[in-house]
Amino acid sequence: MNRTFRNPAAFLVFIIPTLLLYSVFYLYPLSSTVMYAFSEWDGLSAPVFNGLDNFKRALADEQLYRSLLNNLAFTGFALLVQLPIILGSAILISEVRRFSGFYKTTFFMPAILSTPVVAVLWSFVVFHPEIGLLNLILRGIGFDHWVKAWLADDHTALLSILVANAWANVGFYIVLALAAIYGISKEIQEAAQVDGANFFQRAIHITLPMIKPIISVIVLLKVAGSLKTLDIVMVMTGGGPAGLTDVMATYMYRVGFQYLESGYANTIAFIMVIFTVILTGITSFITKKLEEV
Amino acid sequence: MKLMTGRERKQKDSPWIHIVLMGYVLISLYPLLWAFQNSFKRHVDIISYPFAPIKNFTIQNYIDAWNTSNVNVYLANSFIVSIIASAATVVMAAMTAYALVRIPYKRINQAIMTVLLLAIMVPGATILVPLYAFVRNFENYFGFQIYDTYLSLIFPYATFGLAISVMIIKAFMSAMSKELEEAAVMDGLNIFGLFFRIVFPICLPALVSVFIVNYLNNWNEFIMANLLLSKESLRTLAVGVAAFKDMLNTNYGGLFAATMYSVIPVVVVYVILQDKIIDGLTAGSLKG
């Protein structure tokens with residue numbers, strides 16, 4: 001028995017395809033990111049090591065600060081707007097006896113659409129200046145002076161992306177939270193009901209405290225996800241108008257593939273990783289503390 | 001008994017919960033339904049009556065998108081790339097997971113898991129710049145060109161799906177009873193026969209759901225598909241839709257029809273396999 005399993009040749013055959021592909025297409029590029037972050041490089045000729053020059057440049061780069069702030073806007077929107085919607089919807093679905101499957105399926109549906117599809121739906125169906133619902137409704141109720149090109153306007157472009165992004169994401173997390181709520185034993189809920197606790201009392205004093213672990217997971221995923229935001233911004237505005245909606249990843253993309261400063265682009269990527277590690281570290285520390293309460 | 005009466009008392013849902021939830025159903029579905037409906041309208045009708053039900057029903061938008069916008073080519077490309085990459089991911093991930101679960105080299109196994117976890121922690125966007133340079137210069141390393149072939153997407157897609165797939169399959173295999181495998185070994189099967197004739201069929205349900213999840217991710221992937229292919233004849237549908245958004249931005253009906261070619265296959269599969277898809281996608285995120 002054990003001779004069959006203690007078989008180094010078999011082990012290698014099973015593992016090597018994975019490790020090979022993974023080393024070539026993930027670990028190697030990743031190590032290059034770290035290396036080229038300290039180099040001047042145009043992506044074609046040989047990179048030249050330049051120490052901390054790229055990082056000094058990053059410290060003085062206003063566009064990078066603006067991008068980081070926009071990433072943090074994604075974080076803030078996720079925690080202050082998405083999270084209440086996620087938990088509220090999950091609790092509501094868990095309360096109903098009929099149609100709960102239907103709600104779960106429909107709420108989850110935006111999660112299976114590709115980002116370009118989400119971008120088409122929101123850029124044209126909702127935010128389009130002429131045929132978009134938002135402007136049509138505003139015109140319909142006589143608020144003509146509010147009508148604008150939502151994605152091209154300095155003040156509304158980022159908010160519009162945040163809303164579209166939330167629409168595409170929320171359903172996935174509702175299902176996660178819902179699974180956790182279904183895991184709470186029915187007896188506790190029913191006992192509370194018999195004692196006369198109403199819907200809101202049960203939600204605040206029983207359901208939410210009992211799903212703290214999954215709330216922590218959602219918060220962590222949201223924080224990490226908001227820092228790596230890339231495709232929704234790229235397809236909806238490309239960072240525009242005038243770089244106002246740039247996030248770190250879109251800025252990195254432009255620096256690397258349009259300005260052809262691959263070295264500095266890798267520095268930005270490196271900084272992204274550092275921020276992700278720091279911010280998720282802080283978040284997991286805070287959520288652990290809160291879970292203990 | 002008292003608990004039972006509590007349950008009975010709560011037989012009927014209060015209507016306001018359904019009203020709130022239906023409101024969100026409307027928000028979830030309306031943009032999609034609106035685009036679907038308008039994809040069957042003539043351009044002039046979309047501009048004059050975007051809300052109104054279809055007046056002059058036409059499938060001309062779909063015919064035009066198919067014939068002039070190369071949707072048929074993009075559809076085939078997405079299909080080829082997604083299916084090959086997902087199948088490769090599943091087979092490799094299953095072999096790796098099995099080795100990690102059953103072949104007892106504790107230290108090495110631990111090290112492999114740690115390295116794989118890295119891919120879940122570090123955002124994929126960070127390696128885009130070097131990945132692009134690497135794919136362009138692939139010939140210098142390995143002697144053949146992959147840039148502007150299907151392989152320039154298949155390799156990275158297969159790779160990026162690995163980490164999570166190994167985690168999910170490994171969790172499934174850890175719960176598998178060892179007795180059947182022991183009996184098979186007694187009957188003289190070697191480790192390869194064991195894997196392909198016993199373990200693979202047993203794990204098929206888990207493998208199918210991992211395949212679906214990878215397929216969906218590959219089908220929807222945009223950033224790498226946009227970056228690693230420049231030939232229009234190899235473009236995937238996700239990149240196509242993004243391009244239509246800029247090209248067809250005055251031909252609304254055409255844009256919606258082209259988008260629907262991307263949406264409809266996914267939604268149909270979703271409606272049929274919703275439980276598998278939801279479980280697979282959410283399981284992956286929790287393991288990470």
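Tutor: The contact takes 78 residues from chain A and 75 residues from chain B. Two residues are in contact if their C-beta atoms, placed from the backbone, lie within 7 Å. On the side of chain A that touches chain B, the largest share comes from helix α2 (residues 8-36) of chain A, with 16 residues. Helices are DSSP runs of H or I with at least four residues, strands are runs of E with at least two, and both are numbered from the N terminus. That side of chain A divides into 52 nonpolar, 18 polar and eight charged residues. Here Ala, Val, Leu, Ile, Met, Phe, Trp, Tyr, Cys and Pro count as nonpolar, Asp, Glu, Lys and Arg as charged, and the others, Gly among them, as polar.

A word on the model. It is predicted: local features need pLDDT of at least 70, side-chain atom pairs count only at pLDDT 80 or more, and totals for chains, interfaces and linings use all residues. Residues are numbered from 1 along each chain as its sequence is written, and chains are lettered from A and ligands numbered from 1 in the order in which they are written.

Now chain B. Its domain assignment gives domain 1 (15-58) and domain 2 (61-287); such bounds come from an automatic or database assignment. The centres of the two domains of chain B, taken over C-alpha atoms, are separated by 33 Å. Between them, 10 residues of domain 1 of chain B are in contact with nine residues of domain 2 of chain B. On the domain 1 side, α2 (15-38) and α3 (43-48) of chain B are the elements that give two or more residues.

Next, helix α14 (residues 237-247) of chain B. Eight of its 11 residues are buried, so the helix is largely enclosed by the rest of the structure. Buried means that 20 or more other C-beta atoms lie within 10 Å of the residue's own, with C-beta atoms placed from the backbone. The buried residues of α14(B) include L237(B), F244(B) and K245(B).

An unreviewed UniProt entry places the feature "domain: ABC transmembrane type-1" at residues 68-283 of chain A. UniProt positions follow the numbering used here, feature names are shortened, and annotations may be inferred rather than shown by experiment. Residues 68-283 of chain A are 73% helix and 0% strand, and the end C-alpha atoms lie 17 Å apart.

Terms used
Buried ≥ 20, exposed ≤ 12 C-beta atoms within 10 Å, placed from the backbone.
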